[in-house]
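Here are my notes for you on this structure, written as a colleague would jot them down. Have a look at the sequence and the fold before reading on.

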Amino acid sequence: MTLHQTITEKVKAAIKDLYSANLESVELQGTRKEFEGDITVVVFPMLRVVKGNPVQIGEAVGAYLVKHIEEVTTFNVVKGFLNLVISDQYFIDFFNEVKDNTNYGFVTPIEGDKAVMVEYSSPNTNKPLHLGHIRNNLLGYAVAEIIKASGKKVYKTQIINDRGIHICKSMVAWQKYGNGETPESTGLKGDKLVGNYYVKFDQEYKSEISDLVASGKTEDEAKKEAPILLEAQEMLRKWEAGDEEVVKLWKTMNSWVYKGFDETYKALGVDFDSYYYESNTYLLGKDTIEEGLAKGVFFKKNDGSVWCDLTDEGLDEKLVLRSDGTAVYMTQDIGTAIQRVKDNPDIGGMIYTVGNEQDYHFKVLFLILKKLGYDWSENLHHLSYGMVDLPSGKMKSREGTVVDADDLIKEMAETAGEISKELGKLDGYSEEEKNHVYKIIGLGALKYFILKVDPKKRILFDPTESVDFQGNTGPFIQYTYARIQAILRKADFDWNHPVKSIVLDEREKELIKLLETYPETIQIAAKDLSPAIIANYIYDLVKAYNSFFQNVSIFGADSDAEKIFRIQLSGMVGATIKSAFGLLGVDVPERM
């Protein structure tokens, strides 16, 4: 039983013994810094079952706890708050219990428990990954890692949008203007090469519209009749009919893109357990619609189209099959969800990492799957996130004004290099060592800046601000970790045996209290699907460590026991920074 659980039980016992009343729950919180104490019992909620003055009730309960809980040494009451002082020995014993646990905070999955599937990335194959995809990938990957650490089996997946008119636009433009160039002949990554032709298509399309308008067509007519668009539409028809030449070109250009994506994922440090392709899934779901019609989940209109009536749930009627029998996105998503559970029967829930412009789509999807009777539909979540803006404004793929993911990753390393040189952080390193550290700092700055923000909020991303070595930034945390490693290297004596008893400095106690909350923080972050909770925990831990480092002498301690304890405490703080940053996909440099 944890100390919090013991206090909860004894507070209930105190109310029973002192006032003959039953208390259903007890509210505990950390004691505010301006008051003496470690754990605070909130007295006000007790007034529902005990009539009286909250200060007097607090005094009585406090005296009871001192008598019945060995770890509670004394107490004070401020208004309706009972502040308990916990013995140094409790914190020392706790620290010794966990300091050598390399998986501290992580829970091993229970055999037979249901797994969770996390979908993220899900790009189109007509352009490279951009800044928006970076937030998507970082969020999805971090949430998957956090859920895994909380004790669940996790599958990471993505669905690749590899079909449709947008793909055909790149293909047509490459056919018309490419002169047979390839990633090999140009030295360009395949996703960038294909993306260039998507931009080229848009440029030519606009030019043709202007010419048609000049010849007397209306704007709407010109948009529909532009020859290059008609070519793309014809190519899509041929692809859907299985035309050999079109399918061959489609496979070739997509293979270029996949290779490019893989390079970006590797640079970003994210991975996947499985891939689904829209070209394989777009026919899924049609059989389910037939079954749903038979069950009365769907209804057919006079034109033959099939719909789901969600008006009772405050939504509208949703099309699930066109009158010509072709599927819509909703049909496909229904089928894909069902297929994923068929492929992995232990799935008990799914998380879709998709921008908040799709909020309505996922509300509808989850409702339909629930109406169809799938028990796992109760555990479907849309990890809805806000867009990422730059100081220069909004990005547009068609116009080629997006911030390319690869370029941004490279720019972050360069920015980290410039700032590090100014500060003299890596003096004495070889060029190779410097470049390695610059990459770790730059990528860490990018990831931390994005993940420290609540997923629902929109982000204004400033690359230079993110690489600041002070404040709530990735580099500040990485620098603290590197400082701790330097301390451990300096300790060239045996400091691994446990220290049984010392008087703790308040800053040491504060650090141990923060370390104690790490397992609970992982659970809360997993439940809320929020890497920001982990990010902000790390920042609090690092701030507390820096306060300790600046005010408490490690190697100049009064006794060997204190010196050893402080080195061990530094080591565990460093290990926890590395562990928590690992959940966010952020590396830490051993030297900096």
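What follows is a set of numbered points, starting with the model as a whole and ending with single residues.

1. First, the ground rules. This is a predicted model, in which local features need pLDDT of at least 70, side-chain atom pairs count only at pLDDT 80 or more, and totals for chains, interfaces and linings use all residues. Residues are numbered from 1 along each chain as its sequence is written, and side-chain values use heavy atoms, with hydrogens and water left out.

2. On confidence: pLDDT is the predictor's own confidence in each residue, on a scale from 0 to 100. The protein chain has a mean of 93, and 98% of its residues reach 70 or more. Residues 394–400 are a stretch to watch, as pLDDT stays under 50 there. The model still has 21 contacts beyond four places in sequence for that stretch, where contact means heavy atoms within 4.5 Å. Where pLDDT is low, the predicted coordinates should not be read in detail.

3. Now the overall picture. The C-alpha atoms of the protein chain fill a box of roughly 90 × 65 × 45 Å along the principal axes. The secondary structure comes to 22 helices and 14 strands; these are DSSP runs numbered from the N terminus, with helices (H or I) of at least four residues and strands (E) of at least two. Of the 592 residues, 53% count as buried (buried is under 20% relative accessible area, exposed is over 50%, and partly exposed is in between, using a 1.4 Å probe and protein chains only). Among contacts between residues at least 6 apart in sequence, 73% join residues at least 24 apart.

4. What does the inside look like? The largest nonpolar core has 155 residues, and those with the most contacts inside it include Val11, Ile147 and Phe461. Helix H4 (residues 131–149) gives the largest share of this core, 11 residues. A second, separate core of 32 residues includes Met117, Tyr155, Val341 and Leu367. A nonpolar core here is a set of buried Ala, Val, Leu, Ile, Met, Phe, Trp, Tyr and Cys residues joined through side-chain atoms within 4.5 Å.

5. H4 and helix H16 (residues 431–451) pack at an angle of about 80 degrees, with their axes 10 Å apart. That makes H4 roughly perpendicular to H16, a label covering angles of 65 to 115 degrees (under 35 is roughly parallel, over 145 roughly antiparallel, the rest oblique). The axes are lines fitted to C-alpha atoms, for helices over the stretch in contact, and angles run from 0 to 180 degrees between N-to-C directions. Among the residues that meet are Leu131, Ile134 and Leu138 in H4, with Leu446 and Ile450 among those in H16.

6. Next, a sheet. In what order do its 4 strands come? The order is E1-E2-E4-E3, in an open sheet with antiparallel pairing. Strand E1 (28–30) and E3 stand at the edges with a single partner strand each, so one side of each is left without a neighbour in the sheet. The twist averages 30 degrees from one strand to the next. Two strands count as paired if DSSP finds at least two bridges between them.

7. Going through that sheet pair by pair: E1 and E2 share 3 bridges, with leucine 28 opposite valine 41 in E2. Strand E2 (residues 39–42) joins E4 by 4 bridges, and threonine 40 stands opposite asparagine 83. Strand E3 (residues 72–78) pairs with E4 over 6 bridges; threonine 74 has valine 85 as its bridge partner. Strand E4 (residues 81–86) is mostly covered, with 5 of its 6 residues buried. In the hairpin of E3 and E4, lysine 79 takes a positive phi near 55 degrees.

8. Lysine 300, in strand E8 (residues 299–300), is exposed, with a relative accessible area of 52%. Leaving out residues up to four places away, lysine 300 touches Leu293, Ser305 and Val306.
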